Amino acid sequence: LVDIKPGAISNFVDKSDCFISGRLDAWISTDNGEYVIEIKPSNSLLKDEQYKMQLMQGMYAHKVNDGIIYFYNPLSGVPTEKHIKYDKSLVEISAKRAIAISDCLKMNTLPFAEAKIRKEIEWQCTKICSFREVCK
């Protein structure tokens, strides 16, 4: 038996001056437990770390310990999936990032460019960042 709960809303960071929410791609309940699902194209530029962060936010908000990142290839239609266990440390990192961005918005400043000092994500500066021309 599979029960699909479409459109579930996640309230992730709920601080008096910072509120982050979003919609899950999918949340299913089976005889083996509940799962939060992130659905992504396999040709996306983003890497597993960003997908795990998104997945952890939904898992935290809905108190679910298991998640799946479901990749689909839009050209071939071939799906793959990764099963992920809840990781409190990723939730804490993600919450700190959200609060830091909220604080920057309040001060009308750009957030710190994390990709400039982390070799494994520096590709973001040249490939997807809209602020690469003004970032210091």
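Student: What pattern does the protein chain follow, read along the sequence?
Tutor: This is a predicted model, in which local features need pLDDT of at least 70, side-chain atom pairs count only at pLDDT 80 or more, and totals for chains, interfaces and linings use all residues. Residues are numbered from 1 along each chain as its sequence is written, and side-chain values use heavy atoms, with hydrogens and water left out. Helices (H or I, at least four residues) and strands (E, at least two) are DSSP runs numbered from the N terminus, and the protein chain has 3 helices and 7 strands. Along the sequence, their pattern is β-β-β-β-β-α-β-β-α-α.

Student: Leaving aside neighbours within four places in sequence, which residues is Met59 in contact with?
Tutor: Contact means heavy atoms within 4.5 Å. Met59 is one of the residues with the most contacts inside the largest nonpolar core. Beyond its neighbours within four places in sequence, Met59 is in contact with Val36, Val64, Asn65, Asp66, Gly67, Ile84, Lys85 and Tyr86.

Student: Is Cys125 buried or exposed?
Tutor: The structure holds 0 disulfides (pairs of cysteine sulfur atoms within 2.5 Å). Cys104 has a relative accessibility of 13% and therefore counts as buried. With a relative accessible area of 18%, Cys125 is buried.

Student: Is Ile101 buried, partly exposed or exposed?
Tutor: Ile101 is found in helix α2. Its C-alpha is 5.9 Å from that of Pro111, although Ile101 and Pro111 are 10 residues apart in sequence. Because its relative accessible area is 43%, Ile101 is partly exposed.

Student: How much of the accessible surface of the protein chain belongs to carbon and sulfur atoms?
Tutor: Accessible areas come from the Shrake-Rupley method with a 1.4 Å probe; for residues, only the protein chains shown count as cover. The accessible surface of the protein chain comes to about 9,000 Å². The share belonging to carbon and sulfur atoms is 56%.

Technical notes:
Buried means under 20% relative accessible area, exposed over 50%, partly exposed in between (1.4 Å probe, protein chains only). A nonpolar core is a set of buried Ala, Val, Leu, Ile, Met, Phe, Trp, Tyr and Cys residues joined through side-chain atoms within 4.5 Å.
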